[in-house]
Amino acid sequence: MAKTAETAALTDTRHATGMLATGSPSAAADRGDSGEASEDGGWDLAAIRAQFPILSRDVNGHPLAYLDNAASSQQPLRVLNRVERYLREQHANVHRGVHQLSAEATEAYEGARRAVAAHAGTGDAAEIVFTRGTTEAVNLVASSWGDAFIGAGDEIVLTKMEHHSNLVPWQLLAGRTGCDLRFVDVTPEGTLDLDDLDRLLATRPRLVACTHVSNSLGTVNPVREIVDRAHAAGALTLIDGAQAAPHMLTDVAKLGCDFYAFSSHKMCGPTGVGALWARRELLEEMPPYQGGGEMISEVKLEGSSWAKVPHKFEAGTPNISGVVGFGEAARFLADLGSDAIASHEDALKRAALERLDGIEGLRLYGPRDERTAVFSFTYGDVHPHDLSTILDQRGIAIRAGHHCNQPLMDHFGISATARASFYFYNSPQEIDALCDGLALAAEVFGGIA
Amino acid sequence: MIEPRSRTPGTIDREIPTSLNQLYQEVILDHYRKPRNKGHLDEATHVITMNNPLCGDVIELMLRVEGGSIAEVRFLGRGCSISQASASMLTGRVLGKSLEQALELSGKFTHLLHGDGAMLSDDDLGDLRTLAGVSKFPVRIKCALLAWNCLEELGDATDADSGSG
């Protein structure tokens with residue numbers, strides 16, 4: 001490995017030693033997941049985990065089992081090293097200077113845009129606008145496109161499973177413009193009711209905005225089907241890809257949507273950065289989102305003209321190091337291969353479903369098929385917060401609460417769930433740890449009522 | 001190369017860590033599963049609802065204050081064992097007290113949750129002392145305080161109403 005020195009610099013010494021020590025063939029044989037190599041076509045989980053330093057730390061005296069990936073994923077050395085190299089060797093402001101550093105920083109920044117564009121499935125990097133994350137990407141569309149093209153009485157169709165970030169920006173737009181919001185119903189199984197979508201499309205809404213993958217149920221929505229029906233009714237489509245982009249290469253052309261929003265920090269990149277993909281002609285007809293430097297072509301006291309897309313939407317000095325890390329994360333995922341990622345996650349999902357199904361008192365929400373390895377559940381009368389505290393004592397990180405999905409929780413008549421969300425670096429042993437932790441919770445509560 | 005650390009399936013370690021035993025004492029679980037004074041209070045003189053927006057826990061506290069003391073107290077709510085048990089225990093401890101005395105108790109309870117060992121010998125706190133284990137779990141302190149925050153809010157509102165400051 002050419003990057004040994006950099007690797008060592010960013011790795012805790014104790015665990016760095018541990019990595020070497022546990023790399024022996026006998027340890028690999030003890031792992032108990034030997035069947036996985038053939039099943040996953042050579043997926044070397046140990047090697048993949050070794051690239052994520054945080055995964056080898058202990059929490060409360062136990063090996064960390066990080067099962068809160070739907071909230072935020074961890075970053076591999078490759079991303080950490082790339083960001084560090086940018087900061088140590090290449091930092092300057094972008095798109096401004098004539099000097100060498102500015103040129104290198106600009107190339108790193110625009111190179112990241114090309115990598116993120118490739119991840120989204122577009123060959124036109126100008127269709128990628130960098131934002132602070134999915135939330136800002138949706139806000140950008142609601143503010144720029146919404147304020148320009150939406151008026152009183154216009155309808156916008158959302159769904160009852162939207163994350164607050166794809167709900168509140170539209171509520172704000174409704175407050176500004178007087179447009180009406182409509183919501184596609186969710187079936188008891190936790191999927192979208194497409195007949196209800198058809199009913200809502202009958203009054204010809206201007207936009208259908210829905211999530212690709214539910215952050216609390218793991219439901220994978222039939223985006224192509226939804227987009228086709230929306231387009232047939234004359235509506236544009238915005239897809240919240242925050243929970244999908246980490247797990248699958250997005251092909252915006254295949255999805256057929258008009259806007260697609262996603263975040264870096266859920267796909268192995270840094271926090272504070274994300275992207276909006278939109279068809280170029282839409283970006284061109286939309287007014288700027290914020291004003292400032294970088295987004296202008298010419299400024300006079302009486303008025304200004306705008307830079308070309310995507311820079312028209314990137315006012316001010318951007319989060320350059322974050323973008324550079326985001327780009328490296330996209331390359332990292334591309335090198336792993338989306339088929340390999342999907343295959344390993346599918347194996348984890350099936351194994352976890354089988355184990356969780358066998359636990360008395362555990363109620364799992366969301367569909368059986370067409371779902372990701374995100375598991376929202378309740379466990380007897382053990383409240384999700386208590387469950388999370390108990391699991392944390394075993395080093396197991398899960399999320400408890402409403403997951404920024406209060407309307408959906410209301411829909412199911414609950415106030416909170418526990419959520420275990422897996423990523424490609426999770427191991428079958430971590431499913432065991434979760435189940436053992438649930439057994440401990442039952443013990444602490446003196447049985448499951 | 002790093003191994004996923006060995007976790008041997010089948011050998012479930014059910015030994016409950018001390019910190020969890022101290023957090024989830026039987027008394028607390030009993031109040032959680034059989035809350036005291038839970039229900040609506042029709043003739044309340046003071047009503048307040050507070051929630052914890054981060055976790056969705058909700059407590060509605062209802063008091064009937066008569067002749068300067070709390071003659072009746074009930075609560076409604078939903079949330080974790082700590083927030084609900086704490087509310088249930090609150091109802092038992094503040095009954096018969098003046099609002100001022102209740103707020104004094106709230107202050108002691110807050111000290112207890114922040115690890116003030118002196119409070120463990122304060123009889124005024126009664127079974128509330130079983131919640132001392134929460135001090136080892138800083139993120140859960142806000143759960144234990146939710147019902148008491150209701151009380152503090154009522155106290156503040158009453159101060160403002162009376163105009164005496």
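Please keep in mind that the model is predicted. Chain A is assigned two stretches of interest, domain 1 (12–23 + 30–50 + 337–444) and domain 2 (79–335).

**Where the domains of chain A meet**

- The C-alpha centres of domain 1 and domain 2 of chain A are 28 Å apart.
- Contacts between them involve 22 residues of domain 1 of chain A and 21 residues of domain 2 of chain A.
- On the domain 1 side, at least two residues each come from helix 15 (338–357), strand 14 (374–379), helix 17 (406–411) and strand 17 (417–421) of chain A.
- Helix 15 of chain A gives the most to that side, with four residues.
- By type, the domain 1 side splits into 10 nonpolar, eight polar and four charged residues.

**The largest nonpolar core**

- This core has 164 residues, and Leu276(A), Ala441(A) and Ala147(B) touch the most other members.
- Helix 5 (residues 141–162) of chain B supplies the largest share, nine residues.
- Domain 1 and domain 2 of chain A each contribute at least three residues to this core.
- Beyond its neighbours within four places in sequence, Ala441(A) contacts Tyr379(A), Val382(A), Leu387(A) and Ile390(A).

**Helix 4 of chain B**

- Helix 4 (residues 99–113) of chain B has 15 residues and spans 21 Å from first C-alpha to last, close to the 21 Å expected.
- Its buried residues include Ala102(B), Leu105(B), Ser106(B), Phe109(B), Leu112(B) and Leu113(B).
- Viewed down the axis of helix 4 of chain B, the buried residues fall within an arc of 115°, so they line one face of the helix.
- Just after helix 4 of chain B comes Gly115(B), with a positive phi of about 90°.

Note on methods. Residues numbered from 1 in each chain as written. Chains lettered and ligands numbered in written order. Predicted model: local features only at pLDDT ≥ 70, side-chain atom pairs only at ≥ 80, totals over all residues. Core = buried A, V, L, I, M, F, W, Y, C linked by C-beta atoms within 7 Å. Buried ≥ 20, exposed ≤ 12 C-beta atoms within 10 Å, placed from the backbone. Domains from an automatic or database assignment. Contact = placed C-beta atoms within 7 Å. Expected span 1.5 Å × (residues − 1). Arc of directions from axis to C-beta. Nonpolar A, V, L, I, M, F, W, Y, C, P; charged D, E, K, R; others polar.
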